[in-house]
Amino acid sequence: MSGITRRRLVRGGLAAAAGASGLAVAARLAGRYGLIPPDHGGLYGLGETLTYASQRLLTSHSLAREFARSEISKQPFPNPVAPPNEEFKRLAAGNFAEWRLTVSGMVARPLSLSIADLKRFRASGQITQVACEEGWSYVAEWIGTPLVEVLHAAEILPQARYVVYFSIARGWWDSIDMADALHPQTLVTYGMNGGDLPVNFGGPLRLRVPRQLGYKSVKYITRLAVTDDLKRFGKGLGSAPPEGGYAWYAGI
Ligand SMILES: Nc1nc2c(c(=O)[nH]1)N[C@H]1C(S)=C(S)[C@@H](COP(=O)(O)O)O[C@H]1N2
Ligand SMILES: [Mo]
């Protein structure tokens with residue numbers, strides 16, 4: 001069966017099942033196609049499954065909206081965060097020359113990359129919006145290298161299903177599926193609005209995931225882990241936010 005036909009069938013089937021025979025059937029169908037998010041077990045689990053599955057079936061190749069240069073926010077609003085810890089301060093004092101992003105897990109070539117190394121990968125820019133779940137948002141230009149470039153350099157294995165990313169700030173970690181990890185707008189970001197990425201906005205290195213809410217764009221990233229199973233990370237919910245009641249999948 002061709003991909004298109006299968007997708008159409010699944011899409012029709014999901015909608016029909018949700019309408020006619022109840023949500024549980026739709027969720028089971030989503031499960032058949034591997035579209036169950038890692039935080040599907042809680043109070044909102046069924047809703048999470050339906051949101052994730054239908055987004056992936058309908059819009060897995062869609063682009064986050066990009067804005068005109070004139071729409072860049074004059075006063076972008078950073079969620080105030082203190083410099084995360086002593087280790088961060090030490091690295092900042094050295095102009096982040098010692099900052100490393102490591103890539104491990106299901107890769108043939110584990111990597112340890114400095115900011116200078118990352119700047120040698122293909123660069124990409126985007127003018128996109130950061131939207132916080134609390135309601136505010138701003139538009140900025142982000143410069144970095146598409147995550148897919150880093151994943152190619154690390155030679156990810158075909159079984160890989162997720163990329164988990166960790167901040168130097170304790171407690172901040174998250175993950176995305178391959179649809180987002182390989183997406184051209186998912187950016188390992190080191191620049192903003194024409195300069196280096198400021199510390200307030202996650203500098204020296206932040207993962208921008210513009211197709212999802214702001215909390216997926218974790219600041220101060222130091223480690224990527226490629227995996228086929230999110231169960232072995234944290235409480236097994238795919239990221240830190242679901243441990244506090246937020247969704248793992250936060251597509252916009
Ligand atoms: N390390 C780290 N990353 C983080 C946060 C944080 O507090 N620490 N806040 C998140 C949340 S909830 C949002 S909405 C965005 C805010 O991005 P901004 O500060 O650029 O506005 O960053 C996300 N990434
Ligand atoms: Mo947020």
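A polar contact is a pair of N or O atoms within 3.5 Å. With that cut-off in mind, a polar side-chain atom of K219 lies 2.5 Å from an oxygen atom of ligand 1. The model is predicted.

**Ligand 1**

- The protein buries 94% of the 530 Å² that ligand 1 exposes when taken alone.
- There are 19 residues around ligand 1, and F77, N79, Y138, R206 and K219 come nearest.
- Y138 places a polar side-chain atom 2.5 Å from an oxygen atom of the ligand.
- N79 takes part through its backbone: one of its polar backbone atoms is 2.8 Å from an oxygen atom of ligand 1.

- Five strands form an open sheet in the order 2-1-10-5-6, and their pairing is mixed.
- Strand 2 (111-113) and strand 6 (173-177) are at the edges; each has a single partner strand, so one side of each has no neighbour in the sheet.
- On average, neighbouring strands of this sheet are turned by 20° against each other, with direction ignored.
- Helix 6 (residues 147-154) packs on the sheet and touches strand 1 (101-105), strand 2, strand 5, strand 6 and strand 10.
- The direction of helix 6 makes about 135° with that of strand 2.
- Strand 5 (residues 162-167) and strand 10 (residues 221-227) run antiparallel and are joined by six bridges.
- In this pair of strands, Y162 of strand 5 stands opposite T227 in strand 10.

**S104**

- S104 is part of strand 1.
- Is S104 buried, partly exposed or exposed? S104 has a relative accessible area of 27%, so S104 counts as partly exposed, because that class covers values between 20% and 50%.
- Leaving out residues up to four places away in sequence, S104 touches L224, A225 and V226.
- S104 and A154 are 50 residues apart along the chain, yet their C-alpha atoms are separated by 8.1 Å.

**D180**

- D180 belongs to helix 7 (residues 178-181).
- The relative accessible area of D180 is 1%, so D180 is buried; the cut-off for buried is under 20%.
- The side chains of D180 and R211 are joined by a polar contact of 2.9 Å.
- Apart from neighbours within four places in sequence, D180 is in contact with R56, T186, V209, R211, Q212 and Y249.

How values were computed. Residues are numbered from 1 along each chain as its sequence is written. Chains are lettered from A and ligands numbered from 1 in the order in which they are written. This is a predicted model: local features need pLDDT of at least 70, side-chain atom pairs count only at pLDDT 80 or more; totals for chains, interfaces and linings use all residues. Side-chain values use heavy atoms; hydrogens and water are left out. Two strands pair if DSSP finds at least two bridges between them. Helices (H or I, at least four residues) and strands (E, at least two) are DSSP runs, numbered from the N terminus. Axes are lines fitted to C-alpha atoms, for helices over the stretch in contact, and angles run from 0 to 180 degrees between N-to-C directions. Contact means heavy atoms within 4.5 Å. Buried means under 20% relative accessible area, exposed over 50%, partly exposed in between (1.4 Å probe, protein chains only). A residue is near a molecule or strand if one of its heavy atoms lies within 4 Å of it. A polar contact is a pair of N or O atoms within 3.5 Å; within protein, one must be able to donate a hydrogen and the other to accept it, and residues adjacent in sequence count only if both atoms are side-chain atoms. Accessible areas come from the Shrake-Rupley method with a 1.4 Å probe; for residues, only the protein chains shown count as cover.
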